[in-house]
Amino acid sequence: MKMNSLQKINFRYGWRYRLALSGCALAVVVVVLGAFTRLVDAGLGCPDWPGCYGHLTWPNEIHEIQTANKAFPDAPVDANKTWPEMVHRYFAGVLLLLVAALAFLSWSWTKQPTFKHIHFLLALIILQAAFGMWTVTLKLWPQVVTAHLLGGMATLSMLWLLVERMRYEGSRRYLNKYLALSNLRPLAFLTALLIIVQIALGGWTSSNYAALACPDFPTCHGQWFPQANFDTGFNISQQIGPNYLGGALENDARTAIHLTHRFGAVLVTILMLILVFYTWRAGARRWALLLSSLLLLQVGLGIANVVMFLPLPIAVAHNAGAALLLLGIITFCYRIHVAKKMKARERSLKKLTNSSESVLVSNL
């Protein structure tokens, strides 16, 4: 049975939607694996790229390990660090192929609204692969490690926005449900921007090994304002070349980074609580509960990291929580934006229709 043009479009769109949704789930796995790799100090578990000591997987036989140690005398094989790094690379590689498949399928319908979005996403994930390579070749240079973390979050966000566009763009569900929240658009966008900055601060904290620079909470070393070197802590002109595994900053510089991350968390919390309050008042109580739950979860995980001295499961969960919080606020912003855009479009069409009718009446 032959399909008409509309059925063909729906068929192709459905496959792209499934791929985008699968890519979103895979991106979450990649972000979590990246956090796990970083937290177990496996970022240099493989000193070469894209292989591992010249292997497609990693050396695990005795003779393979001996050969690898001879080839890389400054980076002996540590089996506990090679496999996290390579598993992370494998999942990231599959994600790249999946996005490439999305781009390939999109050429069957070049006028689709998401065509440019998909190709921007492909360019972003290729750049992200380059950052993954530079993370190794530049020996965990903090600037690259932080950019790699932000690139992972950006890739996940772009994939989720692609899913959102495929599901709901043009749907009146936005207009009917989110138009009442349109006045919150500036506040929501500001909150989203601050969360992105806070994630960047978290990446800088992690890449400089400053997560435990303050071992107590809510004070730091028993003080509200301990000695901290902000100039050194946020010096982005750090030299390329040294091995940054374990960090290269003095304690007061790491303290400055940690304190700034805490201060950022306070600002995010205040701004989000204001947004939640006005969202509740506007009648979107499910969104208010969702955003407040994500916020409380993330704040709780951050505090637990300090008081429990950075246990691996909680530290990984803190990274995942940041991703979920970012996706939540981005979805909220996007749906409000689309509702406002649809309303403006309807007003323009209404004015155009009224104008045409007036011209017709005058001609009669």
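Okay, one term before anything else: a salt bridge is a side-chain nitrogen of Lys or Arg within 4 Å of a carboxyl oxygen of Asp or Glu. Keep that in mind, and remember as we go that this is a predicted model.

Let's take them in turn.

One is between Arg335 and Glu164, where the closest N and O atoms are 2.8 Å apart. Arg335 sits in helix H11, residues 312–363, while Glu164 belongs to helix H5, residues 142–168, so this pair ties together parts that are 171 residues apart in sequence. Are these two buried or exposed? With buried meaning under 20% relative accessible area, Arg335 counts as buried because its relative accessibility is 13%. Glu164 is at 0%, so that residue counts as buried too.

The other one joins the side chains of Glu85 and Arg89, at 2.9 Å from N to O. Here both partners are in helix H3, residues 79–106, and they're four residues apart, which is about one turn of the helix. Glu85 has 6% relative accessibility, so it counts as buried. Arg89 comes out at 13%, and therefore counts as buried as well.

Now, a residue I'd like you to find on the screen: Glu64. It's in helix H2, which runs over residues 62–71. Glu64 is buried, yet it has no salt bridge. Where's the nearest side chain of opposite charge? That's Lys70, and it is 14 Å away. What does Glu64 touch, then, if we don't count residues up to four places away in sequence? His55, Trp58 and Pro59.

Tyr278 counts as partly exposed, because its relative accessibility is 38%.

Last thing, confidence. The protein chain has a mean pLDDT of 89, and 88% of its residues reach 70 or more. Over residues 1–12, though, the pLDDT is below 50. Beyond near neighbours in sequence, that stretch has four contacts in the model.

Then go to Glu64 in helix H2, buried with no salt bridge. That's it from me, thanks!

Definitions and conventions. Residues numbered from 1 in each chain as written. Predicted model: local features only at pLDDT ≥ 70, side-chain atom pairs only at ≥ 80, totals over all residues. Heavy atoms only, no water. Helix = DSSP H or I, 4+ residues; strand = E, 2+ residues; numbered from the N terminus. Buried < 20%, exposed > 50% of the residue type's maximum accessible area, 1.4 Å probe, protein only. Lys, Arg positive; Asp, Glu negative; His and termini not counted. Contact = heavy atoms within 4.5 Å. pLDDT = per-residue confidence, 0-100.
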